[in-house]
Amino acid sequence: MHEFSIVNALLELCEKNAEANNASKITKVEIKIGKLSGVEPHLLQTAFDTFKEETICDGAELIVHVQELVVFCNTCNAEHTLEKNEFECPVCKGTDIRVIDGEEMMLMRLEMDSN
Amino acid sequence: MCKDCGCSITPTQWAAHAHEHTHDGHTHTHTHHHDGHDHDHPHAHDHDHHDHSHHDEIHANPQLNDKKTIAVITKILDANDTQARHNRAHFEEHSVLAINLMSSPGSGKTTLLEATIDTKQIKLGVIEGDLETNQDADRIIAKGAPAHQIATGQACHLDAFMVHEGLHHLPIDGLDVVFIENVGNLVCPASYDVGSHLNVVLLSVPEGDDKPAKYPVMFRSADLLLITKCDLLPHFDFDVEKAIREARKLNPKVDVIEIDSKSGKGIDQWINYLKMKKALR
């Protein structure tokens, strides 16, 4: 249950961006949550709705995009989506792969009312 | 393309609204700003804005309803990661190897550290994370090594800020290794970089060989997997090969040591691992 800590970090990031953009209010927050980032999207949603009150995000909508695991296989020289938590190329079965998406939690976009 | 919000207004619309786009924090306004908005695209500049119907009303009061969308694309834990890099730099300045020890509660993290101190081959210090009590730090200090306890309260993990705080309470000069003994938990600590060089994850025999597959984020993060309490193997249906196979599906490069801190099995290998990693830093 570290979703509350994640939301606190997210709210701080929103405050910082609102200030940099001279915004009075944030109305929409879009985040990308990797399937293997270690957080549960619906708990994140609940935590956001609880903690946003009386912050710059009060009343803001949170949109969570869940990101599949995407790897780049150096042997195939191609990108593949991993369906299972098995870190090998689903095509050539090689392990010379690099994860390019699906392990991170990212703030992608903010919609704000500016002053 | 509007530079401020990245929206894609056509050249005609640009011309028509040119007076509104001449300064920062522009005032071009679309009351239904996000209509036709493509949620799957990570960047903000692909929005279509169809509805300009309240344009006149906005002109009457440009301060109201002035929405804009910005692309941020920042890690949510960016501040933590910055602090983690700082912590790592701090360890490096003091030529100390930092190891984040993670596992479920009761898998033998503190007992492993006690056994490590007893070998007298590694000079170590410990930053302890627990919800409550100083018991773990007291056990380390009783063995003669420096330790600082962080009581996290209700927090289920250590983050880079807590470790930084702990660092300044630990005399680290002259140490070979600083262990960050994380809160016992196979979920939350895996999401936080605390500024260590290596993640060592413990899996004790009584927990079962199914844990790597059940807690993929944690076991994927491991540089070294320690299968602990190995002397209990005859009493449990724990398939060591299966546990290793599952862990390597998640991280094909993970190293594994089978260890028992009480009997001393595998401790030599563990000490050699620490010495080698320290020498490579």
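In the predicted model, B:Gly125 stands opposite B:Val178 in β5(B), a position within the parallel pairing of strand β3 (residues 124–130) with strand β5 (residues 177–181) of chain B, which runs over five bridges. Strands, like helices, are DSSP runs numbered from the N terminus (helices being H or I of at least four residues, strands E of at least two), and two strands are taken to pair if DSSP finds at least two bridges between them. β3(B) also pairs in the parallel sense with strand β4 (residues 147–151) of chain B, again over five bridges, and in β4(B) the bridge partner of B:Glu128 is B:Gln149. Seven of the seven residues of β3(B) are buried, a residue being called buried if 20 or more other C-beta atoms, placed from the backbone, lie within 10 Å of its own, exposed if 12 or fewer do, and partly exposed in between. In a regular strand the side chains alternate between the two faces of the sheet. In β3(B), B:Leu124, B:Val126, B:Glu128 and B:Asp130 point one way and B:Gly125, B:Ile127 and B:Gly129 the other way, with burial on both sides.

Because the model is predicted, local features need pLDDT of at least 70 and side-chain atom pairs count only at pLDDT 80 or more, whereas totals for chains, interfaces and linings use all residues. Residues are numbered from 1 along each chain as its sequence is written, with chains lettered from A and ligands numbered from 1 in the order in which they are written.

When residues up to four places away in sequence are not counted, B:Ile180 touches B:Ala98, B:Ile99, B:Asn100, B:Leu101, B:Ile127, B:Leu158, B:Val163, B:Val194 and B:Ser196, contact being defined by C-beta atoms, placed from the backbone, that lie within 7 Å.

The buried residues of α1(A) are A:Glu3, A:Ser5, A:Ile6, A:Val7, A:Leu10, A:Leu11, A:Leu13, A:Cys14 and A:Ala18, and what covers them includes β1, α2 (41–51) and β6 of chain A together with β1 and α3 (78–93) of chain B. At 1.5 Å a residue, the 18 residues of this helix should span 26 Å, in agreement with the 26 Å between its end C-alpha atoms, where the expected span is 1.5 Å times one less than the number of residues. The loop between α1 and β1 of chain A holds A:Asn22, which has a positive phi of about 60° although it is not a glycine and which counts as exposed, with 11 C-beta neighbours inside 10 Å.

Chain A has two helices and six strands, arranged along the sequence in the pattern α-β-α-β-β-β-β-β. Its radius of gyration, 17 Å, is well over the 13 Å that the globule rule gives for 115 residues, so the chain is more spread out than a compact globule; the radius is taken over C-alpha atoms, and the rule is 2.2 Å times the number of residues to the power 0.38. Along the principal axes, the C-alpha atoms of chain A fill a box of roughly 55 × 30 × 15 Å. Buried residues make up 38% of the 115 residues in the chain, and residues 24 or more positions apart account for 70% of its contacts with a separation of 6 or more.

Between the chains, 35 residues of chain A are in contact with 35 residues of chain B. On the side of chain A that touches chain B, α1 (3–20), β1 (23–34), β2 (61–67) and β6 (105–114) each supply at least two residues, and β6(A) gives the most, with 10 residues. β6(A) pairs in the antiparallel sense with strand β1 (residues 67–75) of chain B over seven bridges, and the bridge partner of A:Arg109 in β1(B) is B:Ala71.

Methods: Contact = placed C-beta atoms within 7 Å.
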